[in-house]
Amino acid sequence: MPRSALALALFAALAAPALADPPAAPAPAVDVSGSINLGLFAARDAYFGAEAQPGGHSADYHWAEAIGRLKLGKEFGEHLSIEVGGVAVRTQGADYYGVEDKGFAALELAKLTFKKIGGADLDVALGRQEVVFGDGFLLGDGYYDCRAGVWSVPLNYFDAARVDYAAGAWRATGVVAKLSPSYGPQWGALYGADVAWQVAPNATLGATRLARNDSGATDNDARATSIRGAATFGRLRLAGEAAIERGTIKGRGLDASAWHADASWRFGAGDDAPYVRGAYFFFSGDKPGTADVEGWYSWNYRWNDWNQYYLGDINGSQTFADNTDKKVALLEAGFKPSAKLRLRVFALRTRLDTGAFFGLPADAPRDFSDEVDAVVDYAASEKLSFWFFAGWSRPRDAAKLVYGDKDGAELFANMTFNF
């Protein structure tokens, strides 16, 4: 073979792999996850035994809730992801909101996320998604549920555009979200910005700004500004948040406020040590005879755990539709007998601020209720868990004027399987 032909053949052999189409990269895997949740509920003397009950039922209720979730997620490299998730719920029996033998399904997640834009720690998420500022005192629940105990069917999504940015010890989030009609005849958008600063390994500060543009019948153009902080000093932890509201509601000026402060102490090292916690919550009520609205508009507060921020299960799910016009003192204690078992007890006393939320006169009593809740959590495995709840509440003078004079009680049991 001539030397030129041999060289040409050798070149072709070496170049062929580079000139050929590269092997197809494996398609990104789809992450599949979900959960199955089964709950049994029993409530005695709901609404303190009031004669008028939802659906004309008696004051005693027994029902079950079944909730199934499925979530699909797919990553496209380091900079793009898509998540889609749905939920199906079935109420069997009659709950104390008047829901009886009904089911529904919803798309609760449909999010497209662009990550690390321009190489910076900047993400943009578009679509149906969860948005939480801080620990959810103001913003965290975008869909109002009227099933079970409000919190037991946790649909929290917003239809929103969200931007997250991080730089060192700083975190910032901005969001524009559609107002959900589940909260009433509102129409328009919610705007929010949040900044958090990790001051030290044991201390954080944060600030939130919220604004509504509501052209619906609710005509609620409220504005809110809050600051928050938390710090740990050995076994002592202090935390709190304070907020003011301005803007207008149906043409009336808004001049309201809300805050909470809490302190906890652990009797040992580590998160599993026994602890006690005390907290106080204030949400202003309207003052009769003034031009402004002083009653706190409760925005989109979130249920993260027991009494945060649905305060008292009987109080937070039955007698108060919103965190407004009330003062709540809370005492909590808990410990873990084993790695899988946790026990907690809560005691709450609720007073009204002005009583205007219930239409009570200025000279009406303010003491509303006392409540005691006990919760047992058991983690059988990484995927299977149970919790049991028992609650009792006694109406005081103000609640007797609005509802009834009987002590209320609840027993709940729940099983969750995650996959």
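Tutor: Start with a term: a residue is called buried when its relative accessible area is under 20%. By that rule, buried residues make up 41% of the 419 residues in the chain. Keep in mind that this is a predicted model.

Student: OK. How many helices and strands does the chain have?

Tutor: There are 3 helices and 19 strands.

Student: And what box do the C-alpha atoms fill?

Tutor: Roughly 115 × 50 × 45 Å, taken along the principal axes.

Student: What about the accessible surface, how much of that belongs to carbon and sulfur atoms?

Tutor: The share is 62%, out of an accessible surface of about 20400 Å² for the chain.

Student: Which residues make the nonpolar surface patch?

Tutor: Among them are V30, V32, I36, L38, F417 and F419, and the patch comes to about 960 Å². Strand 1 (30-44), strand 2 (61-76) and strand 3 (80-94) each give two or more residues to the patch. The largest share, 4 residues, comes from strand 1.

Student: Take I36, then. Where does I36 lie, and why does I36 count as partly exposed?

Tutor: I36 lies in strand 1.

Student: New topic. Where is N323?

Tutor: N323 sits in the loop between helix 2 (313-319) and strand 15 (326-335).

Student: Buried or exposed?

Tutor: N323 is buried, because its relative accessible area is 3%.

Student: What does the side chain of N323 reach?

Tutor: The backbone oxygen of Y309, at 3.1 Å. The N323 side chain also makes a polar contact with the side chain of K326, again listed at 3.1 Å.

Student: Which residues is N323 in contact with, leaving aside neighbours within four places in sequence?

Tutor: F283, W296, S298, Y301, Y309 and L311.

Student: Last one, A166. Which strand is that in, and is A166 buried or exposed?

Tutor: A166 is in strand 6 (residues 158-167). A166 counts as buried because its relative accessibility is 13%. Leaving aside neighbours within four places in sequence, A166 is in contact with D121 and R171.

Student: How far apart are A166 and A273?

Tutor: They are 107 residues apart in sequence and 33 Å apart in space, C-alpha to C-alpha.

Terms used:
Residues are numbered from 1 along each chain as its sequence is written. This is a predicted model: local features need pLDDT of at least 70, side-chain atom pairs count only at pLDDT 80 or more; totals for chains, interfaces and linings use all residues. Side-chain values use heavy atoms; hydrogens and water are left out. Buried means under 20% relative accessible area, exposed over 50%, partly exposed in between (1.4 Å probe, protein chains only). A polar contact is a pair of N or O atoms within 3.5 Å; within protein, one must be able to donate a hydrogen and the other to accept it, and residues adjacent in sequence count only if both atoms are side-chain atoms. Contact means heavy atoms within 4.5 Å. Patches are made of residues with over 30% relative accessible area and no salt bridge: like charges are joined within 9 Å, nonpolar side chains (Val, Leu, Ile, Met, Phe, Trp, Tyr) within 5 Å. Accessible areas come from the Shrake-Rupley method with a 1.4 Å probe; for residues, only the protein chains shown count as cover. A salt bridge is a side-chain nitrogen of Lys or Arg within 4 Å of a carboxyl oxygen of Asp or Glu.
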